[in-house]
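Hi everyone, thanks for coming.

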Amino acid sequence: MIQAIFQYEFLQNAFLTGLIIGVIAPLLGAFIVVRRLSLIADALSHVTLSGIAASLFLSKSVVMFNGLNPLWMGMTFSVIGSLFIERLRTVYKHYQELAIPIILSGGIGIGVIFISLADGFNTDLFSYLFGSVSAVSRDDLWLILGIAIVVLSLVIILYKELFLLSFDEEFGKASGLPAKALHLIFMVMVALVIAASMRIVGILLVSSLMTLPVAAAMRIARGFKQTIFFSILFGELAVIAGLFSAFYLDLAPGGTIVVSSILLLLLAIALKKWQVMRK
Amino acid sequence: MVSGKSNVLLSVWKCVYSVVVKSEPFLFERDVSMASSNIIELKNVNYRYDRDFVLTNINLAIPQGAFLGIVGPNGSGKSTLLKIILGLLKPREGKVVLFDQAQAKFREWERIGYVSQKANAFNTGFPATVYEVVASGLTKKTGLFHMIGKKRRPQIEKAIKAVSMENFMDRNIGELSGGQQQRVFIARAIVSEPDILILDEPTVGVDSKNVQTFYDMLDHLNKKLGITLVLVTHDIGTITNKVTHVACLNNTLHFHGSTADFEQVKDQELSQFYGHDVQRLHHDHAHEGSL
């Protein structure tokens, strides 16, 4: 594959995109997991699906949309979905998790309507659902790189605010942080990262890259910065192992990346057990 | 058995209040006149969540250097009162003055340290070290677009030492005992060097043998570091010999001035109704933490 990467542009695209999302997905994932919002990633990924489906349908039926990268509309839907979740969470103050199934089923519902309108599944859609090594275009790569730069700078700039808000929201508010605005920025970042990651891991498995590496990191890390570091390390390992095996075995990378993440997770759990037993 | 004790405790409360309400020996308005040395002032504050008022006509002035204990049974509005002071809730009526500024204009929130009741039941699995948690207390003070860098390290370590947790600096917060966690949260609250520290039921979840050390530490903060303390608790017995001022809250506030004044009222009443065993019973109860 190393040789092939220098030969084929599509492999370069897939590999570079993989390396990028291997950083940003676990990075945001660390905040998502500690805030107990793991399922929000799932809800938003399904909203992204409806955006992709809408784009695929419109590109068939409306000339204006022909040639538009579906990622744009997926991203737009995802961001709108994140705003809806925020709104719903304030409406159902005591049942905040209710926002997740509402948005999730809404996303799938709209997605299914557009898929049927566009005359069912095609290979394009399949690659969006489960990820693809061959479908990542240069366009996609640039867009994802843009998202990564925005997300990385925001997390670095707002790190201490995001940390405090994740650890203890009430204390954050009491010390005068603009909690609502920060939360909104965070949700929009999550939506963007989901749209970016979808090309490689696929809509159905996007959330795994945000949660599994973090779950593994939490077993062995000391402190939050270390958790982020190990999450990204595990995320990258899973992406690289997953892409290689997907390429050689001709499999959808979504599946191989998730299986690699789970293997890493098991390894981390075993390592922790061994450490405890040795003490 | 436990609930029986709860009932006794509640009755004790009711009786203390009845005396205070009926006789009203200490007019609180007297203290309001010394406004210049007061860090926090509440004037005629009312608050209701839905229909019933949780707080009515609250007048409170906290002088600099005081150690004020606010005691009251469950549902008396203790946490609501604190949330109003901290700006988490807006009073329906009345005025809140912080450091001689109207609350709406107040921006120096780092001057007010806060240790919430929830800290006792926080997300224990959170992967953060003691150092990271304490450093997060500097978030507001450091300001947007700035990082809490190495420059701040001495300040953070000082706060950790002030609560004697320096040997646990790199431990994850979830690995500590309830009492140790509470110390860390106090360090987080004092790291920004606030003028006042507000504690909401800080000894819940701290085992009884560590409660004394905990109060010793508060005493140190109050007397040596000059931090004004406000401690809210249902545990009347343990705090009266620690604090300098006492206020009773049961939807309205009854201020007792100095602790000595309060002791007089309390002892008379308690012994009259429940005999000599009340104090002990109360202590046992408090340490079980069953309220």
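I'll talk about the cavities, then one residue in each chain. Please keep in mind that this is a predicted model.

Let's begin with empty space. Rolling a probe the size of a water molecule over the atoms shows where such space is left. How many cavities of 30 Å³ or more does a search of the whole structure find? There are 3, and the largest cavity holds about 90 Å³. Its lining is made up of 13 residues, and the ones nearest the centre are Phe171(A), Ser175(A), Trp109(B), Ile112(B) and Gly113(B). Two or more lining residues come from each of these elements: α9 (169-174) in chain A, and β6 (112-115) and α7 (178-190) in chain B. The biggest contributor is β6(B), with 3 residues.

Now to chain B, and Thr233(B), which sits in strand β8 (residues 228-233). Is Thr233(B) buried or exposed? Its relative accessibility is 1%, so Thr233(B) counts as buried. Beyond its neighbours within four places in sequence, Thr233(B) contacts Ile70(B), Val71(B), Gly72(B), Lys78(B), Glu201(B) and Ile239(B).

Over in chain A, let's look at Asp119(A). You'll find Asp119(A) in the loop that links α5 (99-117) and α6 (123-130). With a relative accessible area of 68%, Asp119(A) is exposed. What separates Asp119(A) from Phe57(A), in sequence and in space? They are 62 residues apart along the chain, and their C-alpha atoms are 8.6 Å apart.

That's my tour, and I'm happy to take questions!

Note on methods: Residues are numbered from 1 along each chain as its sequence is written. Chains are lettered from A and ligands numbered from 1 in the order in which they are written. This is a predicted model: local features need pLDDT of at least 70, side-chain atom pairs count only at pLDDT 80 or more; totals for chains, interfaces and linings use all residues. Side-chain values use heavy atoms; hydrogens and water are left out. Helices (H or I, at least four residues) and strands (E, at least two) are DSSP runs, numbered from the N terminus. Buried means under 20% relative accessible area, exposed over 50%, partly exposed in between (1.4 Å probe, protein chains only). Contact means heavy atoms within 4.5 Å. On a 1 Å grid over the protein atoms alone, a cavity is a set of points where a 1.4 Å probe fits but cannot get out, and a pocket is an open set with protein on both sides within 12 Å along at least five of seven lines; lining residues have an atom within 4 Å of a point. Grid points are joined across faces, edges and corners, and a volume is the space filled by probe spheres set on the points.
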